[in-house]
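Let me put the model up, and then I'll walk you through it.

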Amino acid sequence: MGQKSPITSDVEQFLKNKHKQHTHKELAQIIGCCIETVRRALVRLDLEVIHGAKYQRRLPPKKWGRPCIICGCKKQRPKMQFKCQACHDRERDQDKHIAHQKSRTITLPQVQLCQNKNVRVMVTKENLLTG
Ligand SMILES: [Zn+2]
C-alpha cells in the first residue's frame with residue numbers, strides 16, 4: 001500500500017554507527033535513497049542538527065499547567081496564556097453583556113424624566129431644599 005521507507009531499523013543502526021564516516025551523498029548511495037531522506041533520518045534520530053526549515057522537527061507548542069487566574073484550573077494550555085479557554089470565552093461573553101447593560105442604564109432615567117414631568121419637578125424642589 002504505502003511507500004516503504006528506505007530507512008529501516010537496520011539502516012538506522014548503520015546511520016548511528018557510520019554517519020560520521022561518510023558524507024550525506026555517500027550515505028544516500030549506500031542506502032540507495034536520496035540525500036534528503038538521509039538528512040531527514042539523521043535529524044529524526046538526533047544524530048545531526050541540520051539547519052534549514054524543512055529538516056526541522058515540528059515541536060509541539062510549549063504548554064504550562066499554571067493555574068488559571070480566574071478559576072484556578074490547571075489544565076494544560078499554551079504558554080503565556082493566563083486564562084483557561086473556558087474563562088476566556090466566558091469573559092468575552094460577559095463583556096458583551098456589560099456593554100449592553102450600560103447602554104440601558106444610561107437611557108432609562110432620561111426616558112423617565114421626559115415622560116413624567118411631576119417627578120422631575122419634585123426632584124428639583126428636593127434638590128433646592130437640601131442644597
Ligand atoms: Zn479558568
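So, burial first: of the 131 residues in the protein chain, 5% count as buried. By buried I mean 20 or more other C-beta atoms within 10 Å of the residue's own; exposed is 12 or fewer, partly exposed is in between, and the C-beta atoms are placed from the backbone.

Bear in mind that this is a predicted model, where local features need pLDDT of at least 70, side-chain atom pairs count only at pLDDT 80 or more, and totals for chains, interfaces and linings use all residues. Numbering starts from 1 along each chain as its sequence is written.

How confident is the predictor? pLDDT, its confidence in each residue from 0 to 100, averages 79 over the protein chain, and 70% of the residues score at least 70.

Now the layout. The protein chain has five helices and two strands, and from the N terminus on the order is α-α-α-β-β-α-α. Those are DSSP runs, numbered from the N terminus: helices are H or I with at least four residues, strands are E with at least two.

Let's look at H3. Which of its residues are buried? Those are Val 38, Ala 41 and Leu 42. Seen down the axis of H3, they fall within an arc of 100°, so they line one face of the helix; the arc is that of the directions from the helix axis to the C-beta atoms. What covers them includes helix H1 (9–18) and H2.

On to how H2 and H3 pack. You describe two packed helices by the angle between their axes and the distance between the axes. Here the axes come within 8 Å and cross at roughly 105°. The axes are lines fitted to C-alpha atoms, for helices over the stretch in contact, with angles running from 0 to 180 degrees between N-to-C directions. H2 and H3 are therefore roughly perpendicular to each other; that label covers 65 to 115 degrees, with under 35 roughly parallel, over 145 roughly antiparallel and the rest oblique. On the H2 side, the contact is made by His 24, Lys 25, Leu 27, Ala 28 and Ile 31, and on the H3 side by Ile 35, Val 38 and Arg 39. Contact here means C-beta atoms, placed from the backbone, within 7 Å.

Next, the loops. Gly 32 sits in the loop between H2 and H3, and counts as exposed because 9 other C-beta atoms lie within 10 Å.

Where do we find positive phi outside glycine? One case is Asp 46, with phi near 60°, in the loop between helix H3 (35–44) and strand S1 (63–64). Asp 46 is exposed, with 9 other C-beta atoms within 10 Å. Another is Met 80, at about 75°, in the loop between strand S2 (77–78) and helix H4 (85–115). Met 80 counts as exposed too, having 8 C-beta neighbours inside 10 Å.

Last stop, His 88 in helix H4. With 15 C-beta neighbours inside 10 Å, His 88 counts as partly exposed. The C-alpha atoms of His 88 and Ile 70 are 9.0 Å apart, and the two residues are 18 apart along the chain.

Notes: pLDDT = per-residue confidence, 0-100. Contact = placed C-beta atoms within 7 Å.
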